Amino acid sequence: MQVDLSDRVAIVTGSSRGIGFATAKRLALAGAHVVINSRQDDPRLAEAAEAIRAVATTQILPVAADVGTAQGAAALVKTAFESFRRVDILVNNAGLLKEAPIGMIGNDDIRALIDANLGSVLNMTQAVSRVMARRKAGTIVNLTSIMGRRGRAGQFAYSASKAGVIGATLAAAKELAKSGIRVNAVAPGYIETSMTGHITADQKAALLTSIPAGRAGTPEDVAAVVCFLVSDFASYVTGQVLGVDGGMIA
Amino acid sequence: MDLEARVLKVFKEVLEIKGDVDPSTLKYNETANWASLAHITLVAALESEFDIMLEPDDILAMSNYAEAIRIIRKAANAS
């Protein structure tokens, strides 16, 4: 089974590293032109573009924008549209993780988490759905988290933001189906990225005991599932939340 | 077809207006069929007709036909 995304245009938010980078690379290798994105202050964006260009032959366009704001999301979609005259795929990956016990989470941190993890999904979906609707076709994949389904002590605000992404996915799938737009979510479990780099060896050992597959996931594990969901192989799949967690929720 | 005629054509198609209409009477939440969901359809149709992308503030400000003409003209001139 070979996914073919030739001539399609994808936007992957938060794609300078980790799952976003792996996803952008995977989509490019499948033939898509990819708009990669990170916040304005991320120097890794240009490096990420070069790294993907080194292995893929499609166009890679780096665009710095804060998609946690409506203006940033609109600017990103507008740049993508003006560059390629179409957008077929959106992967809402941008997000951040902050841990703190309940009662110790500052309002600024709550706001930052909600804007980055949930606001970005709302903003980007609003901006891109009109462009996709023109062609009566498009597909959106939102990155939620196993924490949005199960919750985790110490990740009160993060879990809430990721649960919100699931609600947004389900509502958007219903509302946008008539416009030919599919909307799904992927819920990674424990994936080894810089975002989980703070986990201690003891914590990691404990986590691994809860994973039936017996190993941590990789960004490539998640990217492969996203690539399937945006492909024509999933053309009748919408409104689903697909776990990529080695069986943690089995 | 000039810009105003193209805008009116889109309005009539999206809002399912049969026959002649006085464009100055077209107002959001007052004209039949022009409510929130139809507004997004209208915006998408206008963007498609003129091959433009509107700003979020402009979408919210497009509350009547005259505003639509002003916003579309501004966006079309900028593209």
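Trainee: Leaving aside neighbours within four places in sequence, which residues is A:Asn184 in contact with?
Mentor: Keep in mind that this is a predicted model. A:Asn184 is found in strand β6, residues 181–188 of chain A. Beyond its neighbours within four places in sequence, the contacts are A:Ile140, A:Val141, A:Asn142, A:Thr169, A:Leu229, A:Val237, A:Thr238, A:Gly239 and A:Gln240.

Trainee: Is A:Asn184 buried or exposed?
Mentor: Buried means under 20% relative accessible area. A:Asn184 has 0%. So A:Asn184 counts as buried.

Trainee: And A:His198: buried, partly exposed or exposed?
Mentor: A:His198 lies in the loop between β6 and α7 (201–209) of chain A. Its relative accessibility is 43%.

Trainee: What does A:His198 touch, apart from neighbours within four places in sequence?
Mentor: Contact here means heavy atoms within 4.5 Å. With those neighbours set aside, the partners of A:His198 are A:Leu97, A:Glu99 and A:Gln203.

Trainee: Where on helix α2 of chain A do the buried residues lie?
Mentor: Helix α2 covers residues 44–53, and its buried residues are A:Leu45, A:Ala48, A:Ala49 and A:Ile52. Down the axis of α2(A), they fall within an arc of 100°. An α-helix has 3.6 residues a turn, so residues three or four places apart point the same way. The buried residues of α2(A) therefore line one face of the helix.

Trainee: Which elements do the buried residues of α2(A) pack against?
Mentor: Packing is judged by heavy atoms within 4.5 Å. On that basis, the partners in chain A are α1 (18–29), β2 (33–38) and β3 (60–64).

Trainee: What is the radius of gyration of chain A, and why does it agree with a compact globule?
Mentor: Chain A has 250 residues.

Trainee: Among contacts between residues at least 6 apart in sequence, how many join residues at least 24 apart?
Mentor: The secondary structure of chain A comes to 8 helices and 7 strands. Of the contacts you ask about, the share in chain A is 76%.

Trainee: How far apart do the centres of the positive and negative side chains lie?
Mentor: Chain A has 25 positive and 20 negative side chains. The distance between the centres of the two sets is 6 Å.

Notes. Residues numbered from 1 in each chain as written. Chains lettered and ligands numbered in written order. Predicted model: local features only at pLDDT ≥ 70, side-chain atom pairs only at ≥ 80, totals over all residues. Heavy atoms only, no water. Helix = DSSP H or I, 4+ residues; strand = E, 2+ residues; numbered from the N terminus. Rg over C-alpha atoms; globule rule 2.2 N^0.38 Å. Lys, Arg positive; Asp, Glu negative; His and termini not counted. Charge placed at Lys NZ, Arg CZ, Asp CG, Glu CD. Buried < 20%, exposed > 50% of the residue type's maximum accessible area, 1.4 Å probe, protein only. Arc of directions from axis to C-beta.
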